[in-house]
Amino acid sequence: MVQAEENKEVLTEQSPIIELRNIDKYFGEHHVLKGISLTVKKGEVVVVIGPSGSGKSTLCRTINRLETIDSGEIIIDGVPMPGEGRKLAQLRAQIGMVFQSFNLFAHKNILDNVIMAPVEVLHMPKQQAKEEALQLLKRVGVESQAAKVPAQLSGGQQQRVAIARALAMHPKAILFDEPTSALDPEMINEVLDVMTELAAEGMTMVVVTHEMNFARRVADRIIFMDDGSILEENTPEEFFEHPKTQRAQDFLNSIKEH
Amino acid sequence: MSVQELLAEYGDKYVLALLTTWKLTALAFSAAFVIGIVVTVMRVSPVKPLRVAGDFYVQIFRNIPGAALLIVLVYALPYLNVVLSYFTCVLTATALIPAAFCSEYLMAGMNTIALGQIEAARALGMNFSQMIRLIVIPQALRSSVLPMTNLLVATMLTTALASQVPLNPTDLTGIVAHINTHAVGGVTAFLISAVLYCATAVVIGQIGNLIDRKARILR
Ligand SMILES: Nc1ncnc2c1ncn2[C@@H]1O[C@H](COP(=O)(O)OP(=O)(O)OP(=O)(O)O)[C@@H](O)[C@H]1O
Ligand SMILES: [Mg+2]
């Protein structure tokens, strides 16, 4: 009886926001994702690490199908994600994405960058979108830049705007692909701080990063990838203190040397 | 005849001719612009037949002489029971050709858009038409103001085709032919038209520069 209650709890409260089942992905002959399965629950922060070329970005981009897949299933909050069409766009709109290179719309000012998708895709009234956008810009600390265009902002500011742009869609989760790798060192923390806050507020996040301190502090779970496979999946404590595979030990040693 | 004599006798007609040239230029360029955008959207659309049709359009109209197109419109279309007024024929010829170039300039403008912005738009849930309307075309337009300015001038020069058909009032080139059949205007008659063409082109160029400065995308 108690057991049944608990199971029900698990099913309703912890149904995954993101579920990948047996994803295979090839670039030509090159097998880049090899039967990847991954589940991300609501409020979870999953940090993906691994050597260059191991498929981290591809995995991240596969979640909202910016990359096509060759087999497997992607399920967003219980709904299977199709390969194309209106349904795909709808599901994508529920998953935010933050890129290494910010990718703000160069011809629009900061405020318009943030309100564009809510107005056009979610059909939010413009006034409401503006109010929310200003709130979000304030939250990430760039409200004074609202009237400028992206090129007038520093990299750190642009990346915080990109986070605000993703948040404006009220996403169920946000994917980050090396969000600080293109930044000057002094700007890395201003972006990581925003991400840390988001995590604390319960945002579901998948983060590809080389920032090991961030991973240690913020991750609920570490995914270690190598050569297209997930080799280890563990809590940060366990992973960093007792990596199980030789590959993970080598990887951790190699970054310690830097 | 001297410039003074010509202007005294034909001044009013020159004004009308200038207005005709302006009118043809404005109408033809507006049409070319709209057609150019439509053709460009076709060329980048996910639907293969549309892409092929768009490319085909550009290949045809980029490579056909204006005079040949005008002859087709004036002499061949009536066989298909399509009889257009002379004005419409000139307008059509001077719109269809620049439209092909307009599309080429837009395609070049699109190449300046970072692929990442397209991905960001897709990740935000935008569909193809939203991406085209909100990101691609606006940026392509902003980065092609100067070529478009040149295209506007080229379109104006192409409207001289109007001189090949009977039009009343005629255009800046037609007026020269008109004067030279009624009097001996000689090169001077053409000189006046040339000055008016040049002056218009200079004004267009200045306005183009102004718009370019305002529209240019900071990167
Ligand atoms: N568009 C592409 N076409 C062909 N091969 C690609 C493409 N994108 C990535 N690859 C290859 O797929 C593999 C995985 O790339 P991916 O970018 O996912 O690695 P990564 O783990 O993100 O690496 P990094 O840490 O350098 O960003 C690499 O071998 C890469 O060369
Ligand atoms: Mg990567």
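Helix H6 of chain A lies across strands E6 and E7 of chain A and runs at about 170° to E6(A), where axes are lines fitted to C-alpha atoms, for helices over the stretch in contact, and angles run from 0 to 180 degrees between N-to-C directions. Helix H10 (residues 246-256) of chain A packs on the sheet as well, touching E3, E9 and E10 of chain A, and its direction makes about 100° with that of E9(A). This is a predicted model, in which local features need pLDDT of at least 70 and side-chain atom pairs count only at pLDDT 80 or more, while totals for chains, interfaces and linings use all residues. Residues are numbered from 1 along each chain as its sequence is written, chains are lettered from A and ligands numbered from 1 in the order in which they are written, and side-chain values use heavy atoms, without hydrogens and water.

**The sheet of chain A**
- Six strands form an open, mixed sheet in the order E6-E7-E8-E3-E9-E10, where two strands pair if DSSP finds at least two bridges between them.
- E6 and E10 (229-234) of chain A each have a single partner strand, so one side of each is left without a neighbour in the sheet.
- E6(A) and E7(A) (residues 173-177) pair in the parallel sense over four bridges, and A:Ile95 stands opposite A:Ala173.

**Helix H5 of chain B**
- Seven of the nine residues of H5(B) (residues 115-123) are buried, meaning under 20% relative accessible area with a 1.4 Å probe, protein chains only.
- These buried residues, among them B:Gln117 and B:Glu119, pack against H2, H3, E6 and H6 of chain A together with H6 of chain B, contact meaning heavy atoms within 4.5 Å.
- Helices (H or I, at least four residues) and strands (E, at least two) are DSSP runs, numbered from the N terminus.

Terms used. Buried means under 20% relative accessible area, exposed over 50%, partly exposed in between (1.4 Å probe, protein chains only).
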